[in-house]
Amino acid sequence: SIEKTRQELTAETRKLDSRKNEYDLTKSLVENLEGFPESIKFLKKNAKWSKEAPLLSDVIYCAEEYRVAIENYLEPSLNYYVVQNIQEAAMAVNMLNDSSMGRANFFILDEIESYEPELPGLLSGARRVSELVEMDPQYKKLGAYLLDGVLLVDDAQNIDIPKLDMSKKERGAVISKSGRYIRRHFSLSGGAVGLFEGKKIDRA
């Protein structure tokens, strides 16, 4: 009985060590901003600028089943900083310029506050993406701006991709739940879904 218990303890200890190593690696990746442009690393580590300013990827959350689709749609904006006002953004731009540390992008909350979404009609079987994400109250208008008119549909078997009413000037898009395609006005993008897609939203 003692020997059996000793073996169980050894197995649990190995499992604990494995989990600790995984935690330490993940913590290191987040803290060292692995995979981010040099400009973002520079601003995050610069005491003169607001270290508290989050990236868009850190202020948006959604259920696992929607992550790939929503991340693919928001991909061009996920590395944007979210700042309160134009002064914060301008300070960061000047610091990057003075240090020759590349470029960065910023969403300005004060200016987005007045935005009102259009909420166009729903396609049959579609869901509004804005209703599938969670954001803290101060970021709600930013979420409305980014996801205005974006609908999510289940994947069609034969690329029977929904048509958008091109006669209307509404913003928006239709995205497939698997992330296989994004249908915008006058354009279609998509293809194979990579193994690491869906890992950026809420990573920190």
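Is Tyr145 buried, partly exposed or exposed? In this predicted model, Tyr145 has a relative accessible area of 32% and is therefore partly exposed. The results below cover the sheet, its covering helix, the nonpolar cores and the aromatic pairs.

The sheet is open and is formed by five strands in the order 4-6-7-8-9, with mixed pairing. Strand 4 and strand 9 (187-190) are the edge strands, each pairing on one side only. Strand 6 and strand 7 run parallel and are joined by four bridges; across them, Leu151 stands opposite Val174 of strand 7. Strand 7 (residues 173-176) and strand 8 (residues 181-184) run antiparallel and are joined by three bridges, with Ala173 opposite Arg184 in strand 8. Strand 8 is in turn joined to strand 9 by four bridges, again in an antiparallel arrangement. Here Arg184 stands opposite Ser187 in strand 9.

Two hairpins belong to this part of the sheet. In the hairpin of strand 7 and strand 8, four residues lie between the strands, and Gly179 takes a positive phi near 85°. The hairpin of strand 8 and strand 9 has two residues between the strands; in its turn, Phe186 has a positive phi of about 70°.

Strand 7 is covered on both faces. Ala173 and Ile175 are buried on one side, and Val174 and Ser176 are buried on the other. Helix 4 (residues 64-74) lies across strand 4, strand 6 (150-153), strand 7 and strand 8. Relative to strand 7, helix 4 runs at about 140°.

In soluble globular proteins, nonpolar side chains tend to be buried together. The largest nonpolar core in the model has 29 residues. Those with the most contacts inside this core are Leu56, Ile70, Tyr73, Leu74, Val129, Leu142 and Ile175. Two or more residues each are given to the core by helix 3 (56-59), helix 4, helix 6, helix 7, strand 6 and strand 7. Helix 4 provides the largest share, five residues. Apart from neighbours within four places in sequence, Ile70 is in contact with Cys62, Val129, Val133, Ile175 and Ile201.

Lys41 lies in helix 2 (residues 38-44). With a relative accessible area of 17%, Lys41 is buried, the cut-off for this class being under 20%. When neighbours within four places in sequence are left aside, the contacts of Lys41 are with Asn32, Leu33 and Phe36.

A pair of aromatic rings is described by the distance of the centres and the angle of the planes. With ring centres within 6.5 Å as the rule for pairing, the count comes to five aromatic pairs. In the pair of Tyr81 and Phe106, the ring centres are 6.0 Å apart and the planes are at 20°, so the pair is stacked. Tyr81 lies in strand 2 (residues 81-83) and Phe106 in strand 3 (residues 106-108), so this pair ties together parts that are 25 residues apart in sequence. Tyr81 counts as buried because its relative accessibility is 0%. Phe106 is also buried, with a relative accessible area of 15%.

The pair of Tyr115 and Tyr145 has ring centres 5.4 Å apart and planes at 85°, and is therefore edge-to-face. Tyr115 lies in the loop between helix 6 (109-112) and strand 4 (127-128), while Tyr145 lies in helix 7 (residues 140-147), so the pair ties together parts that are 30 residues apart in sequence. Ring pairs also link Trp49, Tyr81 and Phe106 into a cluster.

Technical notes:
Residues are numbered from 1 along each chain as its sequence is written. This is a predicted model: local features need pLDDT of at least 70, side-chain atom pairs count only at pLDDT 80 or more; totals for chains, interfaces and linings use all residues. Side-chain values use heavy atoms; hydrogens and water are left out. Rings of Phe, Tyr and Trp (its six-membered ring) pair if their centres lie within 6.5 Å; planes under 30 degrees apart count as stacked, over 60 as edge-to-face and the rest as tilted. Buried means under 20% relative accessible area, exposed over 50%, partly exposed in between (1.4 Å probe, protein chains only). Two strands pair if DSSP finds at least two bridges between them. Contact means heavy atoms within 4.5 Å. Axes are lines fitted to C-alpha atoms, for helices over the stretch in contact, and angles run from 0 to 180 degrees between N-to-C directions. A nonpolar core is a set of buried Ala, Val, Leu, Ile, Met, Phe, Trp, Tyr and Cys residues joined through side-chain atoms within 4.5 Å.
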